[in-house]
Amino acid sequence: MAAADGETVALRTEVAALRLRVLELERENQRLAQIASSCSCSAKEDTVTPSPVASASLYGCDQELHKGKQHESRTSEHGANLPFDHMAISTEKEVLCNSDGGGHSDAPKIKRSHAKRTGHQVGTVSHCQKRLVALKIMYFGQRFYGFASEAQTEPTIESEVFKALERARLLVSSRKESCYSRCGRTDKGVSATGQVISLYLRSNMRDAGGNVLDERSEIDYVRVLNKILPRDIRVIGWCPVAADFLARFSCLGREYKYLFWKGGLDTSKMQKAASKFIGEHDFRNFCKMDAVNVSNYKRRITDFDISAYDQRSSDDELWAMTIKGSAFLWHQVRCMVAVLFLIGQGLESTFVVDSLLDITKTPRKPQYTMAPELPLILRSCLFDKVSFMCSSGMSLRSLALGDTFREYFQP
C-alpha cells in the first residue's frame, strides 16, 4: 500500500513538472512568434541576439552567437512489427512548388532603425549565406501517408523533414524559392533507404564567391537534423551540388527492392518472366494510369533479379526482387511484382508478361490487385559526381536504425 502511494506521488510530481514545462514552452513560443512577426531579416542595421533554441553549430551568419541548450522533439516509437514491413516507391511529377511556413525565430532583442517591413517567412533566415545541398534520407513509412506533403493528410515524411529544417533555421526561403526537388515519392506505408532531396540551405560560406575552403567548417546537416527528426526518419548523408542540380531530373537511375517470403512460389519461373521486363517497353499495363500528368508510358529497366536474401525463419526463406531502371511510373514496381506473384503461384504463365507489354494485343490494362506496399524499398538513387558525407558519429545511429529495420522482417 505504501509503495502504491509512493508511485502515485511520483506520478503526480512528474505530471506537475510536465505541465509547468508546457506552460513555459507556450510562453516562449508566443514570445518568439511576436518577434518573428515584426522581424526584418534583410535589415543590416538590425542587431540580433539569438536565444538558445538551437546549438551554436547551426548558425552560419556573421553575428557572434552564444551557446545554449537545445530542446529536442521526439516522436513516439514505431507500432507493432509486421512480417516484412518495408518500403515502396513510385515517381511522377516531383518538383514541389508549394511554400511552407512555420518554425521559430530566435531573437530576444531586436533594435530597429527602419520602418516595419513585411514579407518575412517564419522559419527562414534569408540574410545568411546559402548553398545548394543534396540530402540522403532513410525512413520507415509504416505510419506515414506517403513522402509528398501535397495532400492535406498528415503526417508525411516531407512535412516532418521541413519541420526539422524550419526548427533548425536551415531554410533560407520558401520551398519554391529554395529550388526544392525530390528524387522519388513514396506512397502511404512505403519506405526508403536511399531517398534524395535537394534544396538551398543555410551555409557557413563566407567569401563573395560562395566557396568553403574547408568542408569541415560547414554546418553538420546530418547531425543537426537527426537531433530534431523523429526516430523513423534519418538523414544519412549530405553533399554540395551544382547550381543546376535537381534531385528528380539529375538522377541517372533508381534501384528498388521488394522483399517476400518464398513459401511455395516457383522463383525460377518468376525470374524467367522478370527478365522480359529488361529493356525499354511501354508499361501502361503495369502502372496506375495518370493521364493528366503522363503521356509517355515508355520506361527502361536495366536489371531485374530475384534471389535469396540473407534471412531465414524456421520454415521459410526471405527473398528479394531487385529492380533497376532510369525512371518508373506510378505504382509500376508493385504492378510488376503482382504479376510475377501470379506466375510464381502457377495462376499465370510467363507469356502473360509478353502479352501485357504488347499494347496492340492488350490495349487496356486488365484488372488485378497490386502487391502490398510495405515490403517495397527505394534502395538507392544514382547520380553523377555526388558523394554523400556523413557525421563521424552517424555510424552508431545507423546501427540503431538497422536493428529496427531487421525487426520488420521477423516472420
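The legends below describe an overview and several close-up views of a predicted model.

In this predicted model, local features are reported only at pLDDT of at least 70 and side-chain atom pairs only at pLDDT 80 or more, whereas totals for chains, interfaces and linings use all residues. Residues are numbered from 1 along each chain as its sequence is written, and side-chain values use heavy atoms, with hydrogens and water left out.

**Overview. Secondary structure and burial in the chain.** The chain contains seven helices and 11 strands, where helices (H or I, at least four residues) and strands (E, at least two) are DSSP runs numbered from the N terminus. Of its 411 residues, 47% count as buried; buried means under 20% relative accessible area, exposed over 50%, and partly exposed in between (1.4 Å probe, protein chains only). The chain exposes about 20600 Å², of which carbon and sulfur atoms supply 52%, with areas from the Shrake-Rupley method with a 1.4 Å probe and, for residues, only the protein chains shown counting as cover. Among contacts (heavy atoms within 4.5 Å) between residues at least 6 apart in sequence, 79% join residues at least 24 apart.

Close-up 1. In helix 4, which spans residues 267-274, the buried residues are Thr 267, Met 270, Ala 273 and Ala 274. These residues lie on the same side of helix 4 because they cover an arc of only 120° around the axis, the arc being that of the directions from the helix axis to the C-beta atoms. Ser 268 and Lys 272, on the other side of helix 4, are exposed. The cover over the buried residues includes strand 7 (253-261), strand 9 (298-312) and strand 10 (317-325), together with helix 5 (332-344) and helix 6 (351-357).

Close-up 2. Arg 299 is found in strand 9 and counts as buried, at 16% relative accessibility. A polar atom of the Arg 299 side chain lies 3.0 Å from the backbone oxygen of Asn 296. Leaving aside residues up to four places away in sequence, Arg 299 touches Gly 279, Glu 280, His 281, Phe 283, Val 294, Ala 327, Phe 328, Leu 329 and Gln 332.

Close-up 3. Glu 160 forms one with Lys 163, with the closest N and O atoms 3.8 Å apart. Both residues lie in helix 2 (residues 157-167), three residues apart, which is about one turn of the helix. Glu 160 is buried, with a relative accessible area of 12%, whereas Lys 163 is partly exposed at 47%.

**Close-up 4. Salt bridges between distant parts of the chain.** Asp 354 and Lys 276 form a salt bridge in which the closest N and O atoms are 3.1 Å apart. This pair links distant parts of the chain, 78 residues apart, with Asp 354 in helix 6 and Lys 276 in the loop between helix 4 and strand 8 (279-282). Asp 354 is partly exposed, with a relative accessible area of 34%, and Lys 276 is partly exposed at 22%. The side chains of Arg 334 and Glu 373 also meet in a salt bridge, at 3.6 Å from N to O. That pair links distant parts of the chain, 39 residues apart, with Arg 334 in helix 5 and Glu 373 in the loop between helix 6 and strand 11 (376-382). Arg 334 counts as buried at 10% relative accessibility, whereas Glu 373 counts as partly exposed at 25%.

Terms used. A polar contact is a pair of N or O atoms within 3.5 Å; within protein, one must be able to donate a hydrogen and the other to accept it, and residues adjacent in sequence count only if both atoms are side-chain atoms. A salt bridge is a side-chain nitrogen of Lys or Arg within 4 Å of a carboxyl oxygen of Asp or Glu.
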